Amino acid sequence: MTIVEQINEGIKEAMKRKEQLRLDTLRMLKSKILTVDARGNLADADVIKLFKTYLGNLQEAMEQSA
């Protein structure tokens, strides 16, 4: 199962269990994937690279706001 498929399954599961924080987080990650590829057909390596870049951006923003 690819990372994109795992995220989609996680979204379904979070909706069923009413886990709002998990749902919001997974939707945000899916949104980042769809921004790069509208069909969400990224290889796992590309998804990991995208998430690492996004994490770096978030950490930088947090450091600047502190």
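Predicted model: local features only at pLDDT ≥ 70, side-chain atom pairs only at ≥ 80, totals over all residues.
1. Ground rules: local features need pLDDT of at least 70 and side-chain atom pairs count only at pLDDT 80 or more, while totals for chains, interfaces and linings use all residues. Residues are numbered from 1 along each chain as its sequence is written, and side-chain values use heavy atoms, leaving out hydrogens and water.

2. H2 takes in residues 20–36, 17 residues in total, and reaches 25 Å from first C-alpha to last. That is close to the expected 24 Å (1.5 Å times one less than the number of residues). Helices here are DSSP runs of H or I with at least four residues, numbered from the N terminus.

3. Leu23, Leu26, Leu29 and Ile33 of H2 are buried (under 20% relative accessible area, 1.4 Å probe, protein chains only). They sit on the same side of H2, because their arc around the axis is only 135° (taken from the directions from the helix axis to the C-beta atoms). Leu21 and Thr35, on the other side, are exposed (over 50%). The cover over the buried residues includes H1 (3–17) and H3 (44–65).

4. H1 and H2 pack at about 150°, axes 9 Å apart (lines fitted to C-alpha atoms over the stretch in contact, angles from 0 to 180 degrees between N-to-C directions). They are therefore roughly antiparallel (over 145 degrees). Among the residues that meet are Ile7 and Ile11 in H1, and Leu26 and Ile33 in H2 (heavy atoms within 4.5 Å).

5. Check lysine 18, in the loop between H1 and H2: its phi is positive, about 60°, although it is not a glycine. Lysine 18 is exposed, at 74% relative accessible area.

Note on methods. Helix = DSSP H or I, 4+ residues; strand = E, 2+ residues; numbered from the N terminus. Parallel < 35°, antiparallel > 145°, perpendicular 65-115°, else oblique.
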